[in-house]
Amino acid sequence: SACTAAHGLRTTAPSSPATNEKRVGLAPKGVEEMRKCMRGRHSYTLACAVSICLASLFARARSPPPPCSLPAWPGEEVVSSWEHHGSRERCFCAYAALAAHAQPGTPRLRELEESCPRWADFVSLDGGHSATMVHASGAFAVALGSTSGNASERKYGYVPDWAADLGSGYGEDCDVSRDPRCEAVGAHVLSLPRRLYVADCCSRPDAARGDATVVAARRPGPQPGPSLADLIASDAASACGLLQDLVAGGLRQVRRLDAFGSCAAENEEPTAASGCLAQCFHVVPDVWYLHLHTTAGAKDIRAAQPYNAGLGPSFNASEASDPATAFGRYNACVCEPRAWAAAGRGRGSCPEARPSDAAYPAEAAHALCRNVAGASGVDPRLCHACRPPASTYLNPRPARSRGVFDV
């Protein structure tokens, strides 16, 4: 029909592993109706397709969401040009505002609803009433995740990711209202800046690079805003403070943190079998709002080529000659294999402390700063601003040690 055509609605599975809802670009209400169909709550008939389309049309007729108030947030023309009209980035900004302003027990859910109508699908622990998995982390970050779910609904307190199986299959959290047989496994937390909009980790398309072998990822379409690499180059001290809060926020929401070391080997994924934890940015992100993935103990991670899906120090050999994807090293992580130094000066850094150690957040911020610098062509010596005070872990060590080195 003209209605379905206008919204690009597909009734067949897409050719890529992306979900239908990411491809069709429906308004949130349309996506909600589509999910009901896909779960079998009503058959996928013409009536179902019409209900999806009408819900989407009515949703689009609503007044536009309030603009994000974070410094460096781009104009509406840029935001509306992003995939899904910028709805995911608007939600991330709304989560940042919730953590910055909400008082304990009185979350500003009305404001959250206006900016992110589907917030309950992603950060609610009680079906959209009051309990959220949004937590402030220090002065500069917010973490999305929770060490425990909701007692009455038994909802698992982590953000679903297409690449991670946390007990209910890939892309789902463990929610017994959807799957009574699921068993909660592992953790997946997102950490976001909450005082300043930062678009991504590593793009610097207009900047001169210190290393001619490194070319930062190119952004498609209008430029979103400053990257973390830009911040390191212009104000390394602020970048270090942000990185430490992003790292610490993710760690606080991981259960049994002392059970995990750092994923350090190439293609080592943060699964229950590997027993390691990874904290990584995607070099080419799917959402134009900086977010650090903290993943540990997952049942499984989808990491098969040719899709860049892994959540650890992953390498896609099919992209080894492509500078736009950091030569196949498509994640910039806290802990990276030493051999990755060949892909950019500063890469291959890793803290010696374990994630549960008190020294880890500061060491991790320094290592992550260097790895991001290496992926984007920024001088890694700027990351000296992140050096932990009175720490000796930067001193040269034998090859068997995995400390960060100044090169």
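Predicted model: local features only at pLDDT ≥ 70, side-chain atom pairs only at ≥ 80, totals over all residues.
Tutor: Residues are numbered from 1 along each chain as its sequence is written. Local features need pLDDT of at least 70, side-chain atom pairs count only at pLDDT 80 or more, totals for chains, interfaces and linings use all residues, and side-chain values use heavy atoms, without hydrogens and water.

Student: What is the average pLDDT of the protein chain?

Tutor: It is 76, with 68% of the residues at 70 or above. pLDDT is the predictor's confidence in each residue, from 0 to 100. Over residues 37-44 it stays under 50.

Student: Why are α10 and α11 called oblique to each other?

Tutor: The axes of helix α10 (residues 236-252) and helix α11 (residues 360-376) cross at roughly 125° and come within 8 Å. Under 35 degrees is roughly parallel, over 145 roughly antiparallel, 65 to 115 roughly perpendicular, the rest oblique. The pair is therefore oblique.

Student: Which residues of α10 and α11 meet?

Tutor: Among them are C240, L243 and Q244 in α10, and Y360, P361 and A362 in α11. The contact residues comprise 11 nonpolar, 1 polar and no charged.

Student: What makes F92 and Y289 an edge-to-face aromatic pair?

Tutor: Their centres lie 5.7 Å apart, with 80° between the planes. Rings pair if centres lie within 6.5 Å; planes under 30 degrees apart are stacked, over 60 edge-to-face, the rest tilted.

Terms used. Contact = heavy atoms within 4.5 Å. Axes fitted to C-alpha atoms, helices over the stretch in contact; angles between N-to-C directions. Helix = DSSP H or I, 4+ residues; strand = E, 2+ residues; numbered from the N terminus. Nonpolar A, V, L, I, M, F, W, Y, C, P; charged D, E, K, R; others polar. Phe/Tyr/Trp six-rings, centres within 6.5 Å; stacked < 30°, edge-to-face > 60°.
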